[in-house]
Amino acid sequence: WVVATDVELGTWGYGGGADSARQVLATIAGSIMTVTGVTFSITMVALVLAAGQYTPRVLRNFVRDRVNQTVLGVFVGTFLFTLLVLRAIRAGDDAFVPALAVTASIALAVVSLGFFLYFLHHMANAIQVSNIIRNVARETHAEIDRTFEQAAGFTGLPLLRGGWQPPTSGLRVAADKEGYVTRIATDALIATARAHATALDVVVVPGDFVSRGEAVAFARGNPGERARLADQVREALHLDSHRSISQDPL
């Protein structure tokens, strides 16, 4: 990318001096950041309104949307590339203008404009209620298939509620932090129970909110290495600040 201005780039290549190159690059960098800030700020306002009317999943899906990630990446990449090229320009007796890199910055600005127009079209469709419902339904069906069809006859962990009573002897495993149960590593729990020769009663399911110190499982009998057993059980129960559809179709 380091090509001097005396290299012939053709009609479409940049052929100006250092001052004009700096002006062009500064304009591109400033415009890109302005477009990025204004676009995503206005989009977040529209998403907050849509989330209040339809579902809070709108905000979560916006962050995970590949189109939105790609557009943001193109904007930020163009801005950073332009800054690097701007830094390389020198004026004076040893003037240096990377003409090819300046031309690439102009081309990236045009590409960013195209991504900006596509982003507006994409978001206008994404916040429509019909598309929101369709995306939520598609995600839910996929998670139902993934959760309940992993093995023949497997219906997930049984929920120990109702008439269930905690064992009179054994180990009470308490949560060491608060949050929503987003995923339970069933295989890890089975391996832990076998290693410690005990039976584990897990009293939470994905989607439950647990507080610090609340019981999440009970180990029956008199298992050894109680501290290690409790740590392994807690590691198998993944907690987060938000509910996730993973293992939680409800």
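Contact here means heavy atoms within 4.5 Å. The model is a predicted one, in which local features need pLDDT of at least 70 and side-chain atom pairs count only at pLDDT 80 or more, while totals for chains, interfaces and linings use all residues. Residues are numbered from 1 along each chain as its sequence is written, and side-chain values use heavy atoms, with hydrogens and water left out.

Leaving aside its neighbours within four places in sequence, Val204 is in contact with Val181, Ile184, Val210, Ala215, Val216 and Leu237. Val204 is also among the residues with the most contacts inside the largest nonpolar core, which has 24 residues. Such a core is a set of buried Ala, Val, Leu, Ile, Met, Phe, Trp, Tyr and Cys residues joined through side-chain atoms within 4.5 Å, where buried means under 20% relative accessible area, exposed over 50% and partly exposed in between (1.4 Å probe, protein chains only). Among the elements that give two or more residues to this core are β1 (170-174), α6 (186-195) and β5 (215-220), and β5 provides the largest share, 5 residues. Helices (H or I, at least four residues) and strands (E, at least two) are DSSP runs, numbered from the N terminus. Apart from this core lies another, of 17 residues, including Ile28 and Phe40.

Phe116 lies in helix α4 (residues 99-126), and it counts as partly exposed because its relative accessibility is 21%. Leaving aside neighbours within four places in sequence, Phe116 is in contact with Val35, Thr39 and Phe75. The C-alpha atoms of Phe116 and Thr36, 80 residues apart along the chain, are separated by 8.9 Å.
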